[in-house]
Amino acid sequence: MAGPTINALEQFSLTPGLGGLGKAIDFSNSNEAMLAAAAIITLIFGAGLKARALVPGRAQALVELLYEFVRNMCVDTIGEEGLRFFPLVFTIFAFILIGNLIGLFPYFFAFTSHIAVTLALALFVFLFSTGVGFYTHGFKFFTFFVPSGVPGWLLPLLVPIEIISYLSRPVSLSVRLFANMTAGHVMWEVFAGFMLLLTASFGIFGAFASVVPLGLNVALAALELLVAGLQAYVFAILTCLYLHDAVHMH
Amino acid sequence: MKDGRDNAAFEARLEAAEQAAKAERPETAQKQAGSAQRAIELAMRLGVEMVAAMVIAVVIGWGLDKLFHTKPWFMILMVPVGLVAGVRNLLRAMG
Amino acid sequence: MRGLTTAVLLGILPSAALAEGTMPQMDFSNPLTLDQVGWMAVIMVGLYLVLSRWGLPQIGKVIENRADVIAKDLAAARAAKIEADTAVAQLNAALVAARAAAQGEVARAVAEAKAKATADAAALNAQLDARLAAAETQIEAARASALAAIKPVAAEAAGAILLKLTGSLPGEDVLAPNLDAALLARSGG
């Protein structure tokens, strides 16, 4: 391939962040983005809590909207007990949402497009919900893997299926987020690469023709904005769902 | 009396305001469970649920083979089990 | 089912774009790949503490406060309404009572006036009757005295007339009864 190209995957490569300090403590550009996400969330809360008005301003309305949204999600999915897990679910939701969103900006690292990150999050959710299950039900939680109303001779077949289904949760949870975020960012770079290729190959005509991939990228930006919110929502609602299973066992 | 209609209107408004203040939560909750939202939520889960169950099943099979030196039988046995588990995941996601 | 097909399509789309090149995400020989998870844990614990200890309770307090204010306002409106309603009811009751009292007063005054009028009329009648009776007795007395006064004159006149006619004077005992009968016939009517 002649001319300049873009390596669509280079954007995901990790480099030490924070200058020399990052090299010493293995603090990567991904962690910088995480720190930025946490800082943004804190700043949004600070802005939203400045007025504490009866009739909320813009920042306060945003924070209250997020609060009510996640709270309702917890209560609707888990039940009233869900309020215990509300801060945790909110933290996960806000962290992923802001992470996804700032990942869409140029020069910002999309840490949710790293399988190590999403798998760690998913494993935490998985282990936590399993822990909650055993904490609430003791060893009776094992009966979660025994489907009710099934003849006994089928159980040796069904129990492994249930266990595998259960164990696949962290995998599907993490791969979904990782794949969606990665695919969006890769496609952006691929279309941008098209633009470079067109211009290099066909000169001025190519430059005009690259309006098409540019338009696609604009449309993709809108889609990615949607996906960023949706994936954070799906991750959070599945977290709630798993916690529901752990608390109610069905 | 002349103030009868005004009185009734005020009564109705007060009642409505009280209802709204009380029922704020369930109303928004119901709005959330739109069918379009459920379809998109489902879309985000479908493909992955299937693959994830498969991956887990094969990994377990591989581990058992390693443990009992029965390569490759457990892995082969686990493939259909993983498939069924994937379908089970899908059904659960839709239900 | 149409929802399901769109769902399947949307689900497959991202996974199709993944199969190319070596991904930095899978490069586990780079220590940063796993170390970022450690730092993420630190950052998320920090964020969790900030949100659960400060951010979320504060927002919850603000929202709860608003719900309280709304509930209080509604209760105040309800109370004011009840108060107004009772005031209106009281006013109506007072009006009704006042009207009834006024009507009673009027009726009593009318009855009193009527009674006084009848009493006055009766008194007047009695007075008139008394005066009438007095007049009658006076008239009677006057007539009697007049009769009594006329008797000697009549007797003298009758004696004189008889003397001239007969030349003799009749005895007193003959003259008196005839005289009485004549007078009685004149005045009796």
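Reader: Of the 95 residues of chain B, what percentage count as buried?

Author: This is a predicted model, and in it 27% of the 95 residues of chain B count as buried. The chain exposes about 6300 Å², of which carbon and sulfur atoms supply 69%.

Reader: Which secondary structure elements make up chain B?

Author: Chain B has four helices and zero strands, so that the order from the N terminus on reads α-α-α-α. Among its contacts between residues at least 6 apart in sequence, 58% join residues at least 24 apart.

Reader: How should I read the aromatic pairs, and how many are there over all chains?

Author: Two rings pair if their centres lie within 6.5 Å, and planes over 60 degrees apart count as edge-to-face. The count comes to 19 aromatic pairs over all chains. The ring centres of Tyr67(A) and Phe86(A) are 5.1 Å apart and their planes stand at 85 degrees, so this pair is edge-to-face. Because Tyr67(A) lies in helix 3 of chain A and Phe86(A) in helix 4 of chain A, the pair ties together parts that are 19 residues apart in sequence. Both Tyr67(A) and Phe86(A) are buried.

Reader: Where do Phe85(A) and Phe128(A) lie in chain A?

Author: Phe85(A) is in the loop between helix 3 and helix 4 of chain A, while Phe128(A) is in helix 5, and their pair links distant parts of the chain, 43 residues apart. The pair is edge-to-face, at 5.9 Å centre to centre and with 90 degrees between the planes. Phe85(A) has 6% relative accessibility and counts as buried, whereas Phe128(A), at 29%, counts as partly exposed.

Reader: Which residues are linked with Glu11(B) in a network of salt bridges?

Author: The network links Glu11(B) with Glu15(B), Glu18(B), Arg78(C), Lys81(C) and Asp85(C). Within it, the closest N and O atoms of Glu11(B) and Lys81(C) are 3.4 Å apart.

Terms used:
Residues numbered from 1 in each chain as written. Chains lettered and ligands numbered in written order. Predicted model: local features only at pLDDT ≥ 70, side-chain atom pairs only at ≥ 80, totals over all residues. Heavy atoms only, no water. Phe/Tyr/Trp six-rings, centres within 6.5 Å; stacked < 30°, edge-to-face > 60°. Helix = DSSP H or I, 4+ residues; strand = E, 2+ residues; numbered from the N terminus. Buried < 20%, exposed > 50% of the residue type's maximum accessible area, 1.4 Å probe, protein only. Contact = heavy atoms within 4.5 Å. Areas by Shrake-Rupley, 256 points an atom, 1.4 Å probe, with all protein chains shown as cover. Salt bridge = Lys/Arg side-chain N within 4 Å of Asp/Glu carboxyl O.
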